[in-house]
Every structure is written in C-alpha cells, then in structure tokens.
Amino acid sequence: MDAMTRLRLLTGSVRPFLWGKLYDAIAVRLASAAAKRSIPVERDAQRILKADVFPLPSERWCQAHGPRVIAFAERSAAGIVDAYGITEWLPTQTDPPAPDIRCVHELSRLHPVCAMALAAHLDPQRRDYWLETAERTIVDFLGRWPANHGVHWLFPMGISLRIVSIVVAVSWMRAAGWNHGGAAERIAAGIVEHAILVAARREHSGGMTTSHYLANMLGLFVAGCALAGDERAQRWRTEAWEALSAERVRQILADGCTNEASSGYHRQVTDILLVAAHIYVAHTGKPLPPAWVVTLQRMTTLLMTFDDLGYPLLGDNDDGQAIKLLGFAPDCSFMADMASRLGLHIDPQRSAMAAWPLAGIGILRSDRMTVLARAGGIGQYGKGGHAHNDQLQALLWVDGRPIVVDPGSSTYTGNPSQRNLERSVHNHATCTVDDAEQNLWPDDLSEGLFWMMGDRFRAGVHEFRPGFWRAVSAFTGQERTISFAGQTCTITDMAPLGRQLRITLPLHPDVHAERAGDGVVLHAGTVRIAVAFPPSGLVDIVACACSPAFATLQPTTKVVWTGPGPRAEWTIAVAKD
C-alpha cells in the first residue's frame with residue numbers, strides 16, 4: 001500500500017485507533033518473540049484436557065443428521081476434501097495446491113476431528129476405529145506441523161479455531177471412553193503451544209477488532225476451560241471471557257447483526273459466541289448471563305431468517321464457522337441446536353416486514369415474493385474489510401426460489417482482480433450513478449483487498465413500513481424506493497439531475513432470462529417473472545459468474561438496464577399460472 005493511501009487511512013477510519021495500533025504492534029512483536037522461546041512445550045503427565053468441556057449435540061439433532069456426520073468423517077479419514085478447490089489432503093501430507101491461501105487456512109482448522117469424535121457415539125460398533133482415527137488425525141497434525149512452523153500457524157484466527165476443534169473432539173472422545181495417556185499428554189501440550197501463540201499474537205488491532213479477535217478469545221477461553229494441571233489456564237480463561245463479554249457489546253449491533261457488513265460473517269460470529277456460551281455454562285455450572293441471552297437471541301433470529309431464505313451472501317463469505325460437523329460447507333442446523341439448548345427461540349422472521357435497522361437490512365414480503373433490501377454501513381469501524389459496494393441492493397425470491405441474488409465471494413488474495421470485481425457495485429443488484437463505485441478501495445493488491453477508503457456513500461433507510469422501503473445515499477443523493485402491490489414489485493431509482501442510471505440484476509444460475517419488449521422475462525422452473533424497464537433505456541443480458549461457496553465459480557447471467565436520465569421506475573411481476 002503506497003504512502004499516500006496509508007496517510008488517508010490513518011487520518012480517516014484508523015485515526016481513533018492509531019495509538020492503540022502502535023501499542024499493539026510493539027506488544028505483539030515482543031510477545032511473539034517470548035512465545036517462540038516457550039515452544040516446544042514439554043509433555044506433562046499432570047496436564048490433561050478435561051472431559052465434559054463441550055456438550056454433545058441433542059439426541060434429536062443426532063437422529064436427523066447422524067448419517068451426514070459419519071459420511072463427513074469417512075471422507076475426511078480417507079483424505080477426501082472436495083471443497084475450496086482442493087480434492088484431497090491428509091495432515092501428514094504437504095499443503096495441497098489451492099486457488100487461495102484461505103483454502104489451506106480452512107483445512108488447518110481441523111474441523112473433521114469433531115465429526116470423527118462424534119461418529120464414535122453415532123456408530124458404536126466402530127467406536128474404537130473412530131476414536132483411533134480422531135486421535136491419529138490430531139497427533140499426525142501436531143507431528144507434521146510443529147508449532148509456529150508453516151502456513152497452518154500463519155493466522156492466529158486459524159490457530160484459535162483449531163484449539164476449538166481439538167478440544168471439542170477430545171471432550172467427545174473422552175465421553176466415548178477414550179483415555180490414551182501418551183497421546184493425551186501430547187495433545188494437551190499441543191493445546192498449550194496453540195494458546196501461547198494466540199495469546200501473544202491476538203488480533204486486537206488497537207481496538208479495531210473484528211471476528212478474528214473474537215475467534216482468538218474463543219480459542220483462549222476454550223483452552224483455559226479445558227486444561228487442567230497448567231497454571232496459565234486460569235489466566236487465559238479469565239482474560240478471554242472478559243474480552244468476549246466486552247466484544248459482545250462492541251461488535252454486535254443493538255439489532256443483533258454483527259459489525260462486519262457481511263451475512264457470512266454474521267453466521268461465523270454467531271457460531272463463535274454460541275460455542276463460547278456453551279463452554280461457559282459447562283465450565284461454571286451457571287446459567288448464561290442475561291445480557292448474553294438477549295444478544296444471542298437477536299443474533300439467532302437474524303441467522304435463522306437468513307437460513308430460511310437459503311442464506312443470501314451479503315458482503316464477503318468464506319464459509320467459515322467455529323464447528324463443522326456435516327462437511328466443509330457452512331450449515332446452520334448445529335447452531336440452531338446449540339441455540340435451542342440455551343433456551344433461545346430459533347424461529348425465523350416471516351412477517352410481512354422485518355427490519356434490522358442498524359445493519360440497514362429490511363425484508364418485504366407479499367404472498368409469493370420476498371425482497372431483501374440493504375442500505376447500511378460498511379462495518380469494522382469504517383474499515384469495511386468484508387463489505388461490498390452493495391448499498392441499495394434488492395434481492396428477490398419468488399415462491400421461495402432465489403431469482404435475483406448477491407453473487408458472493410470466490411477469492412480473497414488468490415485473484416485480486418476477481419476479488420475487486422466481486423466487491424464492485426457492478427456485480428450487485430443495485431443501481432449505479434454515472435458508472436461510479438459507491439465506495440473506493442486502495443489501489444493495492446495485498447492489504448488493500450481488505451480495506452475500503454471509508455464509507456463515503458453513507459446509505460441509510462429513510463422509510464420502512466409494510467409494503468414500502470425507501471433509502472437514500474447522503475453522498476450522491478441517490479434514492480431507491482421499493483413497494484408492493486399484489487404480485488407486482490415497483491422499484492424507483494432516482495439520482496440528481498444530469499446523472500445517468502444503470503440498473504443491474506445478477507440472476508441465480510437456475511434462472512434463464514430472455515428479452516421481451518422493453519424488459520426481460522425470467523424463467524425459474526415453472527415460474528415466470530416479467531421485468532419491465534422504462535422504454536427510454538437499453539436492456540442487455542450479460543454473461544457473468546456467481547460464487548455460491550468460497551473458491552467456487554458458477555456461470556450465470558445478469559440483466560443490465562442503462563438509461564439516459566436520472567430517474568427510472570420499473571416493475572417486477574409474477575406471471576399468473
């Protein structure tokens with residue numbers, strides 16, 4: 001990143017955190033040097049990982065999903081990945097070629113060991129096989145990738161979530177009767193090494209904290225609760241719980257959405273806090289603090305509402321979660337199980353209108369149509385590291401089928417040009433003015449891939465009621481209104497005089513578009529949707545791509561309408577059967 005860009009950031013969104021960042025940079029450097037001198041950690045017969053650290057899933061969840069857990073465990077034991085652009089990998093092997101370092105980062109979290117440990121309960125006839133397989137996978141990783149060596153130790157967040165995977169797996173293994181002394185000592189020493197490095201390299205960023213810091217604190221909290229016979233455990237546990245409690249207030253907006261401007265990261269942060277809540281209850285024997293219950297209830301309601309819609313991908317999505325039991329693809333079913341066992345309601349919002357005003361998210365419904373609109377901040381205290389230029393976006397479902405979609409994220413650092421294309425306003429279901437980006441990002445192909453140059457667009461919802469939504473950009477004066485009348489949705493886009501509008505509608509891969517007069521007809525199975533634009537503009541159907549999962553691209557199309565002036569009123573209507 002060039003000096004001028006850094007100066008702009010330092011005097012902009014970074015300014016309130018500048019001295020804290022400088023302090024943390026020095027502290028992390030010194031602590032990391034000390035941590036290296038503390039590794040490797042010697043085995044100690046008195047140091048163990050406790051049982052009953054994390055509860056097993058409910059019987060109902062296991063009955064519904066048990067076969068998928070075992071299938072994931074079977075594939076992983078055979079080295080089959082088939083996700084993130086990676087076909088196969090075992091911990092004893094060298095790192096596989098991957099389209100993005102984030103892909104290898106995902107493997108380093110060791111999610112499959114939790115499925116293997118759970119399989120020992122679900123598949124009792126092969127209990128010993130599953131316990132040996134889980135043990136071997138953990139020990140092989142620790143042996144092949146010594147602490148602080150290689151890409152698997154590059155990211156503190158990955159180290160933290162690996163603590164969670166190993167501790168949860170061992171807790172479930174011990175509940176199934178596992179107690180292999182030598183391996184147990186090696187694994188406990190490995191957890192201490194993990195915790196030492198996370199404590200030293202915690203991603204506090206001078207208070208400009210994100211999901212990474214939450215994951216760090218979850219890892220330390222889990223290690224501190226799980227370890228017995230190590231004097232550092234209490235300090236890690238106490239410091240981490242205090243930090244998690246503070247970040248619950250700082251990083252979670254009052255409406256329950258996370259401060260990431262990303263639905264994918266809302267899922268990940270909700271998972272992190274649900275896991276922390278269960279660990280707290282199991283360790284202390286106390287009920288969850290009431291403030292935590294309120295926050296998690298709001299977060300869970302939004303999570304389940306997203307899931308009910310098929311999980312639209314607002315902002316970045318890298319499919320990350322704290323615990324994965326059914327495969328590498330994200331899944332909310334175990335999160336719903338955790339929430340339910342905490343006494344939370346897990347019903348989605350299905351009313352005619354639902355709003356998360358601080359996140360700028362609104363949902364409108366008619367009998368057959370659902371529209372999700374967005375007009376909110378870029379998150380992360382103005383850094384916008386996981387935000388896209390998706391302001392005034394309107395996503396569409398008809399009869400529960402996705403029609404107009406957010407194309408998602410396929411890469412972070414592996415393909416910078418694709419990364420920026422996927423962040424661009426031209427890739428989202430919104431309206432551009434004079435072809436300009438809403439917010440700018442640094443002209444940089446490394447750090448700049450996770451920054452915005454502030455939130456100049458400043459979109460906000462000005463009116464929201466049943467059947468009507470209106471939002472405005474304070475920067476451009478651009479306005480979008482959405483209204484329902486029967487099975488017709490009318491959208492009006494306006495900009496200051498002398499400006500030109502361009503409307504983009506990225507389509508789900510299963511939706512086929514064809515020209516029809518001044519608009520298009522969209523075909524989704526037996527459903528037909530007519531989109532009518534003003535006759536003064538030009539309509540085009542353009543080939544593009546969407547990313548339903550990280551490191552995955554699927555061909556699709558988008559409808560693009562370009563008009564000569566500053567106003568366009570257009571309609572989306574479901575054709576009669």
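Asp 316 counts as buried, at 0% relative accessibility (buried is under 20% relative accessible area, exposed is over 50%, and partly exposed is in between, with a 1.4 Å probe and protein chains only). The model is a predicted one, where local features need pLDDT of at least 70 and side-chain atom pairs count only at pLDDT 80 or more, while totals for chains, interfaces and linings use all residues. Residues are numbered from 1 along each chain as its sequence is written, and side-chain values use heavy atoms, with hydrogens and water left out.

Asp 316 has a charged partner. Side chains of opposite charge can pair when their charged atoms come close. Here, Arg 419 forms a salt bridge with Asp 316, with 2.5 Å between the closest N and O atoms (a salt bridge is a side-chain nitrogen of Lys or Arg within 4 Å of a carboxyl oxygen of Asp or Glu). The two come from distant parts of the chain, 103 residues apart: Arg 419 sits in helix α14 (residues 416–423), and Asp 316 in the loop between α12 and α13. Helices (H or I, at least four residues) and strands (E, at least two) are DSSP runs, numbered from the N terminus. Arg 419 counts as buried too, at 1% relative accessibility.

Asp 390 and Arg 374 make another such pair, with their closest N and O atoms 3.0 Å apart. Asp 390 is in the loop between β7 (369–374) and β8 (393–398) and Arg 374 is in strand β7, so the bridge ties together parts that are 16 residues apart in sequence. Asp 390 is buried at 0% relative accessibility, and Arg 374 is buried at 3%.

What about a salt bridge with an exposed member? Asp 308 pairs with Arg 350, and the closest N and O atoms are 2.7 Å apart. This bridge also links distant parts of the chain, 42 residues apart, with Asp 308 in helix α12 (residues 290–308) and Arg 350 in the loop between α13 (333–341) and β5 (353–356). Arg 350 counts as exposed at 57% relative accessibility, whereas Asp 308 is partly exposed at 34%. In total the structure holds 24 salt bridges. Some residues join up in a network of salt bridges, which links Arg 102, Glu 106, Arg 109, Asp 318 and Lys 324.

Next come the helix pairs. Helix α6 (residues 127–144) packs against helix α7 (residues 156–175) at an angle of about 150 degrees, and their axes are 11 Å apart. Axes are lines fitted to C-alpha atoms, for helices over the stretch in contact, and angles run from 0 to 180 degrees between N-to-C directions. That angle makes α6 roughly antiparallel to α7 (under 35 degrees counts as roughly parallel, over 145 as roughly antiparallel, 65 to 115 as roughly perpendicular, and the rest as oblique). The α6 and α7 crossing is left-handed, a label used if the near helix is turned anticlockwise from the far one by less than a right angle, with right-handed used if clockwise. On the α6 side, the contact (heavy atoms within 4.5 Å) involves Leu 131, Ala 134, Glu 135, Ile 138 and Phe 141, and on the α7 side Arg 162, Ile 166, Ala 169, Val 170 and Met 173. These residues split into eight nonpolar, no polar and two charged (Ala, Val, Leu, Ile, Met, Phe, Trp, Tyr, Cys and Pro count as nonpolar, Asp, Glu, Lys and Arg as charged, and the others, Gly among them, as polar).

Leaving aside residues up to four places away in sequence, Phe 141 touches Trp 89, Pro 91, Ser 108, Leu 110, His 152 and Arg 162.

Helix α11 (residues 263–284) and α13 have axes that come within 10 Å and cross at roughly 40 degrees. That makes α11 oblique to α13, and this crossing is left-handed as well. Among the residues that meet here are Asp 271 and His 278 in α11 and Met 335 and Arg 341 in α13. The contact residues divide into five nonpolar, two polar and three charged.

The backbone has a few spots worth a look. A cis peptide bond, with omega about 5 degrees, joins Ile 39 and Pro 40, and Pro 40 lies in the loop between α2 (18–37) and β1 (48–49). Asp 399 is not a glycine, yet its phi is positive, near 55 degrees.
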